[in-house]
Every structure is written in C-alpha cells, then in structure tokens.
Amino acid sequence: MAALKLIVLAAFLSLFNFTANSTALPTSFIKSSCKITTYPQVCVTSLAVYAPTIKRSPQQLAQTALSVSLDRAQSAHTFITKLNKFKGLKQREYAAIKDCLEEMSETIDRINKSVKELKSMGSARGKDFQWRMSNIETWISAAITNENTCADGFAGRALNGRIKTSIRARVTHVTQVTSNALALINQFAAKH
C-alpha cells in the first residue's frame, strides 16, 4: 500500500513538473527574446499572457507584439477622442488633441498594415521576404515617429495638467510596445 502511494505521488509530481515546465518554456522564450528590446520589462508583461500561443515561434512573437501594439494604439486613440469632447479645454489643448488624434490614426493605419503584411508572409523567401520585412520595418518606424510627434504636441508649460499627463502616459506606453515590436520584428528577420 505504501509503495502504491509512492507511485501515485511520483506520477502526480511528474505531471505537475511537466505542466510547470511546459508553461515556463514559452515564458522563458519571451523573456530571453525581450532582452534585445529597449523596454524589456514592458515587453515581457505585455506578451507573457500570450505565451501559450507564441510558444517558441519568433514569427508568432513578432506577430503578437504587433497585435499588442495595435490594440494599445487603438485604446489610446479612443481615450484621446473622449478627451476631445471635454468642455472648457484651452484652445491650445484642443489643437494638440486634434493633432494627436491625426498622428494616432496614422499610427493605427501603419501598424494595421504591418500586422496584415506579416500574417500574409506565409513562406516568403529571399527577396520577397526582404521586401515585405522592409515594408513592415518602415511602417513601424513611421508609427513610432507619429507617436513621438503626438507626445511632442503637449510639450511646454502652456499645456501642463491632467490632460497632458494622461495623454503622454498612454502615448508613451504605445511607443514602448511599438518600439519593442520593431525590435522583435528585426530579430525575426535576422533569423530568417
């Protein structure tokens, strides 16, 4: 009877160890991949939840990072749109918000194009692969420029306050996840 209990206990521990390792491996892949990004902690926290989908695929990691970036950009755009409807804002705040909305719309468009391009790559090779990756890298770099331009629109003392702080915080986060996505895309391209 004692031997049977030991066998059952050993089987249970083996199963637990296998389950723990199978979920830890994709997360460790994300952690090691995120080390090359500018914002590794943001990278890990934004992608860890997708570890079962990413597994150990550099392409899936890049695809997921782009999707996270797109989601964050859309969320920031929605938030800024709501702020634009506030009454009592200074004319300079309305102008900065309007400009920021345009920049974020372009960001969303460029990230969306990149998501579609990466998904449609299939088994692209050689010059076709390089051309598609070049498109993605260009669009994502432009998206980062748009995000920075949006944040820069709130520079100066004339725009101090909660509006500036809240928009800059959201746009900064979008810039961080987008920058990380670009690094992961470059890493994927280099291994291809």
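# Close-up legends

**View A. Lys-55 sits in the loop that links helix 3 (51–54) to helix 4 (58–83).** Helices here are DSSP runs of H or I with at least four residues, strands are runs of E with at least two, and both are numbered from the N terminus. This is a predicted model, with local features needing pLDDT of at least 70 and side-chain atom pairs counting only at pLDDT 80 or more, while totals for chains, interfaces and linings use all residues. Residues are numbered from 1 along each chain as its sequence is written, and side-chain values use heavy atoms, with hydrogens and water left out.

View B. Follow the sequence and you read α-α-α-α-α-α-α. Out of 192 residues, 40% count as buried. The chain exposes about 10900 Å², and carbon and sulfur atoms supply 58% of that; the areas come from the Shrake-Rupley method with a 1.4 Å probe, and for residues only the protein chains shown count as cover. Take the contacts (heavy atoms within 4.5 Å) with a separation of 6 or more: residues 24 or more positions apart account for 72% of them.

**View C. Helix 5 (residues 91–119) and helix 6 (residues 126–152) come within 8 Å of each other, axis to axis, and cross at roughly 160°.** Two packed helices are described by the angle between their axes and the distance between the axes. The axes are lines fitted to C-alpha atoms, for helices over the stretch in contact, and the angles run from 0 to 180 degrees between N-to-C directions. Helix 5 and helix 6 are therefore roughly antiparallel. That word covers angles over 145 degrees; under 35 is roughly parallel, 65 to 115 is roughly perpendicular, and the rest are oblique. The crossing of helix 5 past helix 6 is left-handed, meaning that the near helix is turned anticlockwise from the far one by less than a right angle (clockwise would be right-handed). The contact of helix 5 with helix 6 brings together twelve nonpolar, five polar and seven charged residues. Ala, Val, Leu, Ile, Met, Phe, Trp, Tyr, Cys and Pro count as nonpolar, Asp, Glu, Lys and Arg as charged, and the others, Gly among them, as polar.

**View D. Helix 4 and helix 7 pack at an angle of about 165°, with their axes 8 Å apart.** That makes helix 4 roughly antiparallel to helix 7. Their crossing is left-handed, and by class their contact has 20 nonpolar, five polar and two charged residues. On helix 4 you can pick out Gln-74, which is partly exposed at a relative accessible area of 36%. Gln-74 and Val-174 are 100 residues apart in sequence, yet 9.4 Å apart in space, C-alpha to C-alpha. Thr-78 is found in helix 4 too, and with 41% relative accessibility it counts as partly exposed. From Thr-78 to Met-104, 26 residues apart along the chain, the C-alpha atoms are separated by 9.8 Å.

**View E. Helix 2 (residues 40–47) packs with helix 7 at an angle of about 90°, with 9 Å between the axes.** So helix 2 is roughly perpendicular to helix 7. From helix 2, Val-42, Cys-43, Ser-46 and Leu-47 meet His-173, Gln-176, Val-177, Asn-180 and Leu-184 of helix 7. The contact of helix 2 with helix 7 divides into five nonpolar, four polar and no charged residues.

**View F. Thr-175 lies in helix 7 (residues 162–191).** With a relative accessible area of 11%, Thr-175 is buried. Leaving out residues up to four places away in sequence, Thr-175 touches Ile-144, Glu-147 and Asn-148.

**View G. Lys-164 lies in helix 7 as well.** This lysine is buried, with a relative accessible area of 12%. Set aside its neighbours within four places in sequence, and Lys-164 is in contact with Phe-154, Ala-155, Gly-156 and Leu-159. The C-alpha atoms of Lys-164 and Ala-151, 13 residues apart along the chain, are separated by 8.6 Å.

How values were computed
Buried < 20%, exposed > 50% of the residue type's maximum accessible area, 1.4 Å probe, protein only.
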